[in-house]
Each structure stands twice: as structure tokens, then as C-alpha cells.
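These are my notebook entries on a structure I looked through. The sequence and the coordinates come first, and my notes follow.

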Amino acid sequence: MTYAIGIDIGGTKIAGAVVDELGQIVRADRVPTPADTGRLEDAVVAMIEALRAHDEITAVGVAAAGFIDAAQSTVYYAPNIDWRNEPFREKLERRVGGSVVVENDANAAGWAEFRFGAGRLVSDMVMLTIGTGVGGAIVAGDRLFRGGFGAGAELGHLRVVPGGIACGCGQHGCIEQYGSGRALLRMANEIADAGGIGQELARVRAAQGGLDGQLVGALIEQGDPGAVSALRQLGHWLGEASASLSAVLDPQRFVFGGGVAVAGELLLEPIRESYLQHLPARGYHPEPDFVIAELVNDAGVVGAADLARVWVAEHA
């Protein structure tokens, strides 16, 4: 059995784990993400040193949000960290030795699902991670798609509404503004303002001083018609985006992860309906599966570790 380390750098925490070749976590660690970016490298190095103290490690994979170059080495741009053209791989290898690869966090999570989770047994898969924003990963022909510069698969910035809601990327109408957790809250507040089926949403909002994901999620679980309607709107947009992606990529399976995906079939049903409404050549185009991700919070570290192992195997 061989072991690799996976590190997942988030906005609030750094998660790390020793992962075996079957995707099983052997040992794990977690620390808060330092507020000072200058201390981030030190925190990652300290975690690597602690995790490899008891096992022989073949490689280290580090996952972070942002644009990573095709060589899995330099972070072009990170939205939550003050990194611009940061040679993070080179810095880590200098300090910890051995092989290090750096990967986009959504790519790492998608690869984990493809190898060990909801995407196993297919060769072509698209994963959409529905959190505060919308992350994406593409596996085509058993290989992770990165694009010519390494910055591909930014599926959250597929435009679904020309001239639509302004997005943090600088454009308007991205699926991130219609299919994310933030979008779900906006839709829930709009339904609450309208009255009717939004009465319970309005009551909870008044009692709690505002709506958040946990409150809306609880109302969805209880079957509140206003909250379920907001989720169905979200699913409609995700289904429309999936149909466009299917026309280009023809995946066998769509996998949905992130906090909103805990709604399960309540989310998948409107996605499937909208997908079929917008699918080119419906009735003649093979239809993919739509499933919920399985690895949840472990996907980032498992995927980062396995991608590091793959890199070593390919460059041996």
C-alpha cells in the first residue's frame, strides 16, 4: 500500500490527510487558515511534516481555489488568498522535499468523486459543487480536464442569462448567480417578499433577523412550499446549464456536491426536468445520470492526494 498526503486550503480552515491508494483516509488533521497570507505557507509545511511523521509518503497534493497552471505548479490567481502568479509548488518542494503538485480545489473534489465516489464506473463525468458559489470539474476519457492553460472547467462562470445579474468574475448572468447557495437565499427572500407560499419564509426571517442556508435548508426538509419553490428555481437553472454542458461534453453522469446538494432528490428532480426541456435533440440524445456526491467534506483532500500519486506515476 502506498500513501500520499492531500491538503485542502479553504477560506477558514486547512484540512489535511494521509490517503492510501484506495482513497481511504489513514490519518487527518485540520487547522484554521491563518489570516496573514504570509503565514499560510508555514501552516501547510507544518501540517505536511506532522502527517508524514508515521508513514512513507510518495507525494503531496495541495488543493486551493483559483486558477492553477497546467503544470500543477503556479497559482495564477486565488480569490481568497493574496496569491498572484505564486510558485507555490516550488516553494513547498524546497522546504519539504519530495514531489508536490498543486491543483484547483473543485478539480480535486471532482477527481475524488470520479475515482472513489459517485462518479466511479464511468469514463466521462461533470461535477458541479453548489456552495456559496458554483465550482466545477470535468473528467473526459478517464482524465481530468484542465484546458490549455490549466484554468479550464470554471463551470460556475458559464453564462445562462445574457445581461443578467452581475458576477464577481466581472461578467453578468453566470450560473453562479442563479445556481449557488447565495442564489438560493436571494430566491427565498424574493418569495418571502411576495407573500402567498412565502409566508413561512417571511415569518422565519422576521423571527431570526434574516435567512441563512441552515434556516432555508430546514424549511426545505420540512416541505415548506416557499422554500421548496426556491430550490426548484435553483434546480431549473442548474438543469439548463447542464443541458448546455451536455451538448459540448456528452458526459455519462452529472454529480452534484456542496452544501445545497444535501437536499438530494428534491434538488435532482427539477434539474432533470429542466435538463430534458433544454437538451438538444431530445429523444435521440442518450441521457446521463444525475446523482449526489458521496465523499462530501473529504473529497478535497482525497482528490489532491490521488492526483499527486497519479503525477508521480506518470513522471516516474
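**Entry 1: the cysteines.** Is Cys 169 buried, partly exposed or exposed? I looked up its relative accessible area and found 39%, so I record Cys 169 as partly exposed. For Cys 174 I found 0% relative accessibility, and I therefore record Cys 174 as buried. I then asked how far the sulfur of Cys 169 is from the closest cysteine sulfur. The closest one belongs to Cys 174, at 3.7 Å, which is too far for a bond. The cut-off that I needed for this step is 2.5 Å between the two sulfur atoms. My search of the whole structure accordingly returned 0 disulfides.

**Entry 2: confidence.** I note that the model is predicted. I looked up the mean pLDDT of the protein chain and found 95, with 100% of the residues at 70 or more. Where is confidence lowest, and where is it highest? The lowest mean, 92, is in strand E6, residues 75–77. The highest, 98, is in helix H5, residues 199–208.

**Entry 3: overall form.** I listed the secondary structure of the protein chain as 9 helices and 13 strands. I then compared the radius of gyration with the value for a compact globule. For 316 residues such a globule would have a radius near 20 Å, and the protein chain has 20 Å, so the two agree. The C-alpha trace spans about 60 × 50 × 35 Å along its principal axes. Of the 316 residues, 50% count as buried.

**Entry 4: the open sheet of E5, E6 and E7.** I traced an open sheet of 3 strands in the order E5-E6-E7, with antiparallel pairing. Strand E5 (67–68) and strand E7 (84–86) are at the edges; each has a single partner strand, so one side of each has no neighbour in the sheet. Between E5 and E6 I counted 2 bridges in the antiparallel sense. Which residue of E6 stands opposite Phe 67? I found Tyr 77 there.

**Entry 5: strand E8.** I asked how many of the residues of strand E8 (residues 100–104) are buried. The result is 5 of the 5, so E8 is largely enclosed by the rest of the structure. In a regular strand the side chains alternate between the two faces of the sheet. Strand E4 (residues 57–64) runs parallel to E8 and is joined to E8 by 5 bridges. Within this pairing I looked up Gly 61, whose bridge partner in E8 is Val 101.

**Entry 6: positive phi values.** I recorded two residues other than glycine with positive phi. Asp 142 has phi near 70° and lies in the loop between strand E10 (134–140) and strand E11 (143–144). Its relative accessible area is 45%, so I class Asp 142 as partly exposed. Val 296 has a phi of about 50° and is found in the loop between strand E13 (289–292) and helix H9 (299–315). At 59% relative accessibility, Val 296 counts as exposed.

Notes
Residues numbered from 1 in each chain as written. Predicted model: local features only at pLDDT ≥ 70, side-chain atom pairs only at ≥ 80, totals over all residues. Heavy atoms only, no water. pLDDT = per-residue confidence, 0-100. Helix = DSSP H or I, 4+ residues; strand = E, 2+ residues; numbered from the N terminus. Pairing = 2+ DSSP bridges. Rg over C-alpha atoms; globule rule 2.2 N^0.38 Å. Buried < 20%, exposed > 50% of the residue type's maximum accessible area, 1.4 Å probe, protein only.
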